[in-house]
Amino acid sequence: MKKIINFIIFQLIWFACIYGAATNHECLAIVLGLSGVAINVYQGKELRRDLDLLVKGTLLGIFIDTLLIQLNLISFTTNYWKAISPIWIWIIWAGFLSTVNYSLSWLKNRLVLAAIFGSVMGPLSYWAGVSMGAGHFDHPNKSLLAISIVWLFATPIIMRVSQEKSHHI
């Protein structure tokens, strides 16, 4: 049951952040999204390991989305800086990462399946967000292909990192 709740909370985080960005309510999106992440982390079994993954994975996400922006493959709807990814997308990354040890744990020892899963679900998620108004693809086909390739590698890397023991935070 906890895995289902974990998955549902992530879906709520994703929707709150996308809808908030698309409707010019970024602050509300950030508060609601962070609340969801906090709930998922609180429900976890290993706080140190979960937080370690959250920090490492969110930094990876910031790098990836900022690179996509700099390559003119995507722009995000935001009222502040445009050169790096907005805070609300960082929260989506944190929300996704809060599922890795729980509702997505079935992918941890199936890295090829994780790669396939990421290469399909990653671009679908971005496409859905853009369709709702939270961003814009400057070159849709090239953008979705690039996102697919990024997630092809990022998902198994994240799964692998989640298996590491946390030594410090």
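User: What should I know about the model before we start?
Analyst: It is a predicted model, in which local features need pLDDT of at least 70 and side-chain atom pairs count only at pLDDT 80 or more, while totals for chains, interfaces and linings use all residues. Residues are numbered from 1 along each chain as its sequence is written, and side-chain values use heavy atoms, with hydrogens and water left out.

User: How many salt bridges in the whole structure?
Analyst: The search finds 2. A salt bridge here is a side-chain nitrogen of Lys or Arg within 4 Å of a carboxyl oxygen of Asp or Glu.

User: What does Lys56 pair with?
Analyst: Lys56 pairs with Asp52, and their closest N and O atoms are 3.1 Å apart. Lys56 and Asp52 are 4 residues apart in helix H3 (residues 47–70), so about one helical turn separates them. Helices are DSSP runs of H or I with at least four residues, strands are runs of E with at least two, and both are numbered from the N terminus.

User: Asp52, buried or exposed?
Analyst: Asp52 is buried, with a relative accessible area of 13%. Lys56 is partly exposed at 38%. Buried means under 20% relative accessible area, exposed over 50%, and partly exposed in between, with a 1.4 Å probe and protein chains only.

User: And which residue does Glu46 bridge to?
Analyst: Glu46 bridges to Arg49, with the closest N and O atoms 3.7 Å apart. Glu46 is partly exposed at 39% relative accessible area, and Arg49 is partly exposed at 21%.

User: Why would such side chains pair at all?
Analyst: Side chains of opposite charge can pair when their charged atoms come close.

User: Switching to packing. How do H1 and H4 cross?
Analyst: The axes of H1 (residues 2–22) and H4 (residues 87–100) come within 9 Å and cross at roughly 170 degrees. That makes H1 roughly antiparallel to H4. Axes are lines fitted to C-alpha atoms, for helices over the stretch in contact, and angles run from 0 to 180 degrees between N-to-C directions. Angles under 35 degrees count as roughly parallel, over 145 as roughly antiparallel, 65 to 115 as roughly perpendicular and the rest as oblique.

User: Which residues make up that contact?
Analyst: On the H1 side they are Asn6, Phe10, Ile13, Trp14, Cys17, Ile18 and Ala21, and they meet Trp88, Ile91, Ile92, Gly95, Phe96, Ser98 and Thr99 in H4. Contact means heavy atoms within 4.5 Å. The residues of this contact divide into 10 nonpolar, 4 polar and no charged. Nonpolar covers Ala, Val, Leu, Ile, Met, Phe, Trp, Tyr, Cys and Pro, charged covers Asp, Glu, Lys and Arg, and the others, Gly among them, are polar.

User: Phe10, what does it touch?
Analyst: Leaving aside neighbours within four places in sequence, Phe10 is in contact with Asn40, Ile92, Gly95, Phe96 and Thr99. Phe10 is buried at 13% relative accessible area.

User: Back to H3. What is Thr66 doing there?
Analyst: Thr66 lies in H3 and is buried at 15% relative accessibility. A polar atom of the Thr66 side chain lies 2.7 Å from the backbone oxygen of Ile62. Apart from neighbours within four places in sequence, Thr66 contacts Ala83, Ile84 and Ser85.

User: Where is Gly135, and which residues does it touch?
Analyst: Gly135 is in strand S2 (residues 135–136). Beyond residues up to four places away in sequence, Gly135 touches Ser75, Phe76, Thr77, Gly129 and Val130. Gly135 is buried at 15%.

User: Last topic, backbone. What is phi at Asn24?
Analyst: Phi of Asn24 is positive, about 65 degrees, although Asn24 is not a glycine. Asn24 is in the loop between H1 and H2 (26–43). Most residues other than glycine have a negative phi.

User: What about Asn72?
Analyst: Asn72 has a positive phi near 60 degrees and lies in the loop between H3 and strand S1 (75–76). Asn72 is partly exposed at 46% relative accessible area.

Terms used
Polar contact = N/O pair within 3.5 Å; in protein donor to acceptor, adjacent residues only side chain to side chain.
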